[in-house]
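Subject: Structure for your review

Hello,

I am passing on the structure below. My notes on a sheet and a pair of helices follow it.

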Amino acid sequence: MKKDLNLRRTARELGIGATTLYRVLNHDPHVSDAMRARITEELNKRGIFTGFQPKDGNVIFDFHRFPFLRKIGARLKQKLETASYSCLATDYRQNREEFLNRVCEAQTICFCSDPDEEIIREVRRLNPDLFLISLFGFSTGVDILLRNNILQGLEVMAHHFYDHGHRKILCFEWPNHYATQSRNLYFAAYLKQLDPQIEVFHDLVQRTTDFPKLLKEKFPECTAIWLQPELLDTFFATMPPELLAKISYAVTSEHNTSEFPEAPRCDRLE
């Protein structure tokens, strides 16, 4: 057997689909005897034998640059591996060819990468029997789409700030984040329900180095700030201690602020 077998390329050479080739290699009973005999003969000529078993498990976890999805997906992957599932990590945006080759061998894909419609169609074409799961994405065409309750989280955050006595709150908007503006508006609405006199300020951050100037010159009266998680590391690194002392933080447990000793207090919300 050749160890560098490329299912998609070999299938094209044989004039069959990659899924059919995968089934023959794994002795799937749904393949007809005539088809199996023809493909087996051609494979043998290439030094490939039907006793081949895929070495890379049957569950694909596709990750990209989203830290929250990566964390949740990694936890799920670890639990499945503990339960004797064989799992493989991919990134279709970084290495599409490798990902599509793995698709031919898999039974399930868990997208932790917010897949686009094009890749969903390609995956369905290559392996129609594949079971598709998407964590917190927006794509249609998957079998299971899991979504988090963003509104409930915003309501919890609003109560947290209110209960800690904050009445002047700054919300930074990040231009490259697709949902920042809508989340800030819902967050402000929940705060206003708790106290119509609460002041919520919004500002668009073009550069993370703008933090100190904005807080000192434009929003000196704010006692709390709400940031998207992607901004936290740069925020703590650029803010001077005298400004940090005036601010209360609310972050998720995945962000470790112990490396920033100048931060006086960091609230943690799950």
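For the helix angles and distances below, an axis is a line fitted to C-alpha atoms, for helices over the stretch in contact, and angles run from 0 to 180 degrees between N-to-C directions. Please note that this is a predicted model.

Helices

The axes of helix H7 (residues 150-163) and helix H8 (residues 180-194) come within 9 Å and cross at roughly 50°. Angles of 65 to 115 degrees count as roughly perpendicular and those under 35 as roughly parallel, so H7 is oblique to H8. The crossing of the two helices is right-handed.

On the H7 side, the contact is made by Ile-150, Leu-151, Leu-154, Glu-155, Met-157, Ala-158, His-159, Phe-161 and Tyr-162. H8 contributes Arg-183, Tyr-186, Phe-187, Tyr-190, Leu-191 and Leu-194. Sorted by class, the contact of H7 with H8 has 12 nonpolar residues, one polar and two charged.

Sheet

Three strands make up an open sheet, in the order E7-E6-E8, with parallel pairing. Strands E7 (199-204) and E8 (224-226) are at the edges; each has a single partner strand, so one side of each has no neighbour in the sheet. From one strand to the next, the twist averages 25°.

Strand E6 (residues 168-173) is joined to E7 by six bridges. Cys-171 has His-202 in E7 as its bridge partner.

Helix and sheet together

H7 also lies across E6 and E8, and runs at about 170° to E8.

Regards

Notes:
Residues numbered from 1 in each chain as written. Predicted model: local features only at pLDDT ≥ 70, side-chain atom pairs only at ≥ 80, totals over all residues. Heavy atoms only, no water. Pairing = 2+ DSSP bridges. Helix = DSSP H or I, 4+ residues; strand = E, 2+ residues; numbered from the N terminus. Contact = heavy atoms within 4.5 Å. Parallel < 35°, antiparallel > 145°, perpendicular 65-115°, else oblique. Left-handed = near helix turned anticlockwise from the far one by under 90°. Nonpolar A, V, L, I, M, F, W, Y, C, P; charged D, E, K, R; others polar.
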